[in-house]
Structure formats: structure tokens, C-alpha cells
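Hi everyone, thanks for coming along.

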Amino acid sequence: MKKILSAFLLLTIALFFSQEKKPMFWQDIQNFKKIDKETPPPKDAILLIGSSSFTKWTDVASYFPGKTIINRGFGGSRLTDLNDYAGDLLDPYQPKQIIIYCGDNDFADNHELKADVVVDRYKTFYQKIRKRFPDIEVDFISIKYSPSREMLWPQMKETNKKIKAFMKKQKHAKYIDITKAMEDSNGHVRKDIFVQDMLHLTPEGYQIWAKVMAPYMK
């Protein structure tokens, strides 16, 4: 009896620690794998990769009639997470274009973070994309100004500026600036296009994004 209890205890401990060791967003990635297994992803699609601004855009395909879109935005991911899961986010797909939105959570995670650190994280992910897909179009959507993260905007603005300069030097790459489009006539960000958390967008907010993005989409 004691041996059975000891074995059960060891198994319980093993299961506990195996669950504890799973990295952040592990389950999100498993969900993507399940979806891809059930419905093989189409070739020559536009692959969206990034954080919750993409995750919550669940009806993104309806904003772009005639486009084939794979949305792989997950949780409150940071560029560090995109790098950690790069293989899972890139290898299963054969897209004709990748559009990235990520970076604001890096600053939310660490308010003291310097722009150069986030820019380097982006460059690392970009190079991982290029190793897998040397010639496809790769675009970056500028980090948005969110009223709830107003104090972080100076670092985000600097990051946008540096990523824009980087993308300008790359082949088959564009920087998509959604900043101005989200402002009112006085140059202030429109709070009415955000949901209650003042971080995520309303359908009207996504409509603004779609209008800006459309000319860049293959």
C-alpha cells in the first residue's frame, strides 16, 4: 500500500512540475497546432503574427474581402515570445506575405525598457523570418498609441521611428504607420475607437486599421 501511495505521490509531483514548466503562451501555440491539423493552412495566404490586437481581431477576414488570411496573434505576446515560438509561427505555413503587430507589451512588461532593446528583438525576429522566407513581403504595423499606456508612448514612438528606418533599408519590406489614422482633427488619439480598457480596439478602430493596411496587402 505504501508503495502505491509513494508511486501516486511521485506521479502527482511529476505532473505538477511538468505543468509548471510550460512557458507562457504554450497553450496558445498548441491551439494553433490543433487548428492546423484539423484544417491544413492554405498556401499563399497573408499571415498575421503578433499580440492581442491581432488576437482580438477575430473577424479580420471580413475586413479584407478576397484575401486569404491566417491570424496567428496570441495573448499579450511580446517580441520575445515571437522569437521563442518563431519555429511554430513560421514553419507550418507557406504565406505570400507576413504582417506583424507586436512590441507594446514588451514595454508594458518592463516600463524601464529602452527602445533599442525592443528594436533588437524585432530585428532578431525579422531575420528568423528571412531565414525561412527570403523573398516574401514582410510588413510591420507601427506600435499604436493606447490611452491606457500613455506613459510608455515616448519609448514606443522612438521604437517606431527606428523600426521604420530599419524596414526602409530592407527588400520586400514595408512599415505601416497607423498612428495618424487613429488621431482626431486636433492630432489627439481618438478614445472612442477603443473598448473600455483603452487598449484594444472597437470594430470602428479595426476599420481604420484595415483602411490603412489595404494598400499594402498582396
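Let me start with what I mean by a pocket: on a 1 Å grid over the protein atoms alone, it is an open set of points with protein on both sides within 12 Å along at least five of seven lines, and lining residues have an atom within 4 Å of a point. Please keep in mind that this is a predicted model, where local features need pLDDT of at least 70 and side-chain atom pairs count only at pLDDT 80 or more, while totals for chains, interfaces and linings use all residues. Numbering runs from 1 along each chain as its sequence is written, and side-chain values use heavy atoms, with hydrogens and water left out.

So, the largest pocket. Sixteen residues line it, and those nearest its centre are Tyr145, Trp153, Lys157, Thr179 and Glu183. Helix α9 (residues 153–168) gives the most to that lining, with four residues; helices here are DSSP runs of H or I, at least four residues, and strands are runs of E, at least two, numbered from the N terminus.

Next, Ser146, which sits in the loop between β4 (137–141) and α9. Is Ser146 buried or exposed? Its relative accessibility is 2%, so Ser146 counts as buried; the cut-offs are under 20% relative accessible area for buried, over 50% for exposed and partly exposed in between, with a 1.4 Å probe and protein chains only. Leaving aside neighbours within four places in sequence, Ser146 is in contact with Phe194, Met198 and Leu199, contact meaning heavy atoms within 4.5 Å.

Cys102 is another loop residue, between β3 (97–101) and α7 (104–109). Cys102 has 0% relative accessibility and therefore counts as buried. Beyond its neighbours within four places in sequence, its contacts include Gly50, Ser77, Leu82 and Phe140. Gly73 lies 29 residues from Cys102 in sequence, and their C-alpha atoms are 9.1 Å apart.

Finally, over to α2. Ile29, Phe32 and Asp36 are buried in this helix. They cover an arc of only 55° around the axis, which puts them on the same side of α2; that arc is taken from the directions from the helix axis to the C-beta atoms. Why does that spacing work? An α-helix has 3.6 residues a turn, so residues three or four places apart point the same way. Covering the buried residues of α2 are, among others, β2 (69–73) and α6 (86–90). On the face turned away from that buried side, α2 carries the exposed Lys34, Lys37 and Glu38.

Conventions: On a 1 Å grid over the protein atoms alone, a cavity is a set of points where a 1.4 Å probe fits but cannot get out, and a pocket is an open set with protein on both sides within 12 Å along at least five of seven lines; lining residues have an atom within 4 Å of a point.
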